[in-house]
Amino acid sequence: MMAERGGGRGGGCCPPMDLLRSEPMHLVQVIIPIESAHQTVAYLGDLGLIQFKDLNADKSPFQRTYATQIKRCAEMARKLRFFREQMSKAGLLPSAKSLSLADIDMDDLEVKLGELEAELIELNGNGEKLQRTYNELVEYKLVLEKAGEFFHSALSTAQQIEFRSQQTGEESLDTPLLMEQEMTTDSSKQVKLGFLTGLVPRGKSMAFERIIFRATRGNVFLKQAVLEDPVIDPVSGEKVEKNVFLVFYSGEKAKNKIIKICEAFGANRYPLPEDLGKQVLMVTEVSGRLSELKATIDAGAQLRRNLLQTLAEQYEQWNLLVMREKSIYHTLNMLSIDVTKKCLVAEGWSPVFATKQIQDALQRATFDSNSQVGAIFQILHTKESPPTYFRTNKFTSSFQEIVDAYGVAKYQEANPAVFTIVTFPFLFAVMFGDWGHGICLLLGAMYFIIRERKLSSQKLGDIAEMTFGGRYIIMMMGLFSIYTGLVYNEFFSVPFELFGRSAYACRDLSCRDATTAGLIKVGDTYPFGVDPVWHGSRSELPFLNSLKMKMSILLGVAQMNLGILLSYFNAKFFRNSLNIWFQFVPQIIFLNSLFGYLSLLIIIKWCTGSKADLYHVMIYMFLSPTDDLGENQLFVGQKNVQLVLLLLALVAVPWMLFPKPLILKKQHQNRHQGQSYMPLHGTEDTLQLDAAHDSHAHEEFEFSEVFVHQLIHTIEFVLGAVSNTASYLRLWALSLAHSELSTVFYEKVLVLSLGYNNVLILIVGIIVFIFATVGVLLVMETLSAFLHALRLHWVEFQNKFYEGDGYKFHPFSFSLLGDEEE
C-alpha cells in the first residue's frame, strides 16, 4: 500500500530524487519462456533495477539447472586470469580501447581461449627449456675457462721447474722426487688420478670444501676460483654468486662420495677434457651454441610478446563478456523451473518507478530472441519487508555511506543522510574552526574534484582511495571551517579586522600589554564573529570557553530535538499513533523541560547581559525548587516556570514507561477475542504481533518481555538525555584544543624564528611550522574532529529515531561486475 502511495511522485522514467524516504518497492514475478530466458536476464542486467530472490536455496550449486554453463564460464575466466598474469609479468597492460561487446559466440570464444592457452603454455615451456639450456652452457663455458686456466698454469709451472733444475743441475723443493722415466717403469704400480669440475654457490663453498676433505680423509686436491659476476642458476632461474671448483681424487669410492656431496650442496658438475687442445675446441663450440641459443630465445620471446600483445588488445572485451555470461547463468540458477519445463519463474524486488522500464526490457527480449510467447510480468503482495534503495549521486553517496556504516535504514524510515549533508560538516567545523586551515582542506578537496574523472579510472592506494571517495565531504568540511573560522576570527590562530575596526581601544599607555584592563569601548560592536581584540588578552580563555561551551549545548539540544522530531515524522508516516503519544510527546517534553530550558536561559543571559550563575540555577531547580532565585533570576515568574517544567519532566517518565505495553496487551486481547478492533497498520510492534499471530495462532502475548523492552528504552532515553547533552561539550573541548595548538605552533615556532633575525633559522622555522601544521592540524586534528562528529551523529542524533535494521537493495546489474571482481 505504501508502495502504491509513493509511486505517483514525479513523471517519466526517473522521478525526482527523494533522499528522505527510500524508494517505494514491490515484489514482482516474471514468468519467462525457456527459449528467451538468457536474453531476458541479459536485458534486465543492463537495466540493473531488479534484485532477484533465490528460489532454489535448498539446492546445492551442482544440482542447479545451469551448473554446466557456469563451470564452462569459470574455466574461461581461469584462462583469462592466466593471460592476465602472463601479461603482468611481461609488463603489458590490457587495452581499454574497445569495450563494446561485439557479437562473439561463447562456443567460439571457448575454443579460441583453449587454443591460445595451449599455444602460450607451449611457448612458455619451450622458452624455459631453452633458457635453462642457455644458462647451463654459460656455466659450462665459465668452467671450461677457469678450469683451463688451472691446467695451463699448472703445466707452465711444472715446465719452468723442470727447465730450471736441468739448467742448474740442483734439486729444489719443487723438483719431483721421481723422474718421469722412473715413474713409467712399472705401470701396475702407477696411481691414476681423476678430477671433477663444476660450480658451487659461494655461500656454501667453505662448507663444501670442508665436507669433501672429511669424507675423503684428505685424499683430494681441491682448487676454487671466484667468479666476478653472479650467474643465473639453471635450476632456480635466479642470479647466484658462485665459485668454480676443481677436485682431484683417487679411486671410484672417492668419486662417488664427491658426486653425492655435489648433489647435496646444489653444485652443478660439468665434463672437462684433459687435453688442453680439446678444451680450447670445446670453448669455441660452446660459444657457437650460445649464440645460436640466444637468437632462438630472442625469436621465441618476440613471438610470445606478439601473442600477449594480441591478447592485451582483446582481454577487456573477452573478460567482460565472460563475466556477463557467468552472472547471467548464476542468475538463471536462482529461478525456478515450471512443472512443464518450458518456463522459468523469477521473483525479485524492484522500485515502483522502474515498472515500465522492466516491461519494455521484457518485450525487447521476447522480440530479439524470436520467442513465440512473451514474458508475463505481475506484482505480488507480501508482508515481507522490502530492501532499502536510495538513489544517490556522487555528492550525496559519501554522506549516505556514513549513515549506512551505522546501519541500513529500515524500509522508508526517515533517512539521516539528508540532514547529515549539512550537520556533519558543520559540527566538524565547530571543532576545527580556522579559516586558514579550512582553505587548505578546500584546496585539497578541489584537487580531487577537478581531477575526479582521471583519478576514478586509476588504481589508488588505500589512503588516497579513501580520501578520493570522501572528496565532497572534505569540500563541505572546508567550506564550513572557513565560516566558523571567520566567526572565531582565526587564520592560523591570527585575528584580522576583516569586517570593520575593533570596538575597543586603549584608554592609556598602560594597556599596551594586550590585557583587557585599560580597554574601553569606543565604537560599535564588531559586526561579525569574535572581536579581534580578545585574542592575546588575559581574558581570552575565560571568554572563549564560556562562549564555546554554551554554543555547544545549544547546538546539541537543537540536534537532539531534530532527532526526536524525526521520530514523530516516522510514526506519522507509518501511522503509529502509539509512538506519537507515548514516545514522541513525553520525550520532547522531558528533553526540553530540562535542557531546552537551559538553552533558553543561555540565550536570555546573552541578550540581557545578566551575571546569573546558570550552574546554580539548574542544580537548585532539582534540590530546592521552591527557594527564591535571588540574583540568579533572569525573568519574572522564573520559579513558577521551573516548578512546572520539573513536574512535566517527572510526569514524562511514567508516560513513556507504562501506557504503551498496556495498550499493546489490550490490542492483543481484543484481537484474540474476535472483537472489531482495527490494529494500527505499519507499526513495528503490530507488524510483529501480526506475524506472530499468523504463524502461531495460539501463542501467548509476552507482556513481561514487552514491558522490560519499554523499561530499557525509557531508562536509556532518560539517562541519555543527560549524557548526550554532556557529550556535545566535545565541540567546545576540541575547538579549544585546535585553537591552542594552532597558537603554540604560530607563536613558539614561526614568531620565535622571526625574532632571531637569521635567514637560516627563519627557513628552518617556516619548514617546521609547515610540517607541524600539515601533520598535526590538517591530518591528525582533521581525523580527530571527523571521528567526534561521526560519534555525535551515530549516537546522540540517530538513536533518537533511527532503527537502521533494514537491508540494502542489491540489484542484478552488469555495471557492478567490475566492483564485484575486485
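Predicted model: local features only at pLDDT ≥ 70, side-chain atom pairs only at ≥ 80, totals over all residues.
What includes the cover over the buried residues of α10? Residues are numbered from 1 along each chain as its sequence is written, and side-chain values use heavy atoms, with hydrogens and water left out.

**View 1. Helix α10 and its cover.** The helix spans residues 396–406; helices (H or I, at least four residues) and strands (E, at least two) are DSSP runs, numbered from the N terminus. Look here for Thr 396, Ser 398, Phe 399, Gln 400, Ile 402, Val 403 and Asp 404, which are buried (under 20% relative accessible area, with a 1.4 Å probe and protein chains only). The cover over these buried residues includes α11 (417–432), α14 (462–469), α15 (471–488) and α24 (759–797), where contact means heavy atoms within 4.5 Å.

**View 2. An open sheet of four strands.** The strands follow the order β4-β7-β3-β8, with antiparallel pairing; two strands pair if DSSP finds at least two bridges between them. β4 (221–226) and β8 (268–270) stand at the edges with a single partner strand each, so one side of each has no neighbour in the sheet. From one strand to the next, the twist averages 25 degrees. Angles run from 0 to 180 degrees between N-to-C directions, and axes are lines fitted to C-alpha atoms, for helices over the stretch in contact.

**View 3. Where β3 meets β8.** Strand β3 (residues 194–201) is joined to β8 by three bridges, and the two run antiparallel. Find Leu 199 and you will see Asn 268 of β8 opposite.

**View 4. Two helices across the sheet.** Helix α6 (residues 205–215) lies across β3, β4 and β7 (242–249), at about 170 degrees to β4. Helix α7 (residues 252–264) lies across β3, β7 and β8, at about 165 degrees to β7.

**View 5. The second largest cavity.** A cavity is a set of points on a 1 Å grid over the protein atoms alone where a 1.4 Å probe fits but cannot get out, and lining residues have an atom within 4 Å of a point. This one holds about 40 Å³ of space, the volume being that filled by probe spheres set on the points, with grid points joined across faces, edges and corners. Its lining consists of Glu 540, Leu 541, Leu 544, Lys 548, Leu 736, Ser 739 and Glu 740. Helix α16 (540–573) and helix α23 (730–754) each supply at least two lining residues, and α16 gives the most, with four.

Note on methods:
1 Å grid on protein atoms, 1.4 Å probe; cavity = no way out; pocket = protein on both sides within 12 Å on 5 of 7 lines; lining within 4 Å. Buried < 20%, exposed > 50% of the residue type's maximum accessible area, 1.4 Å probe, protein only.
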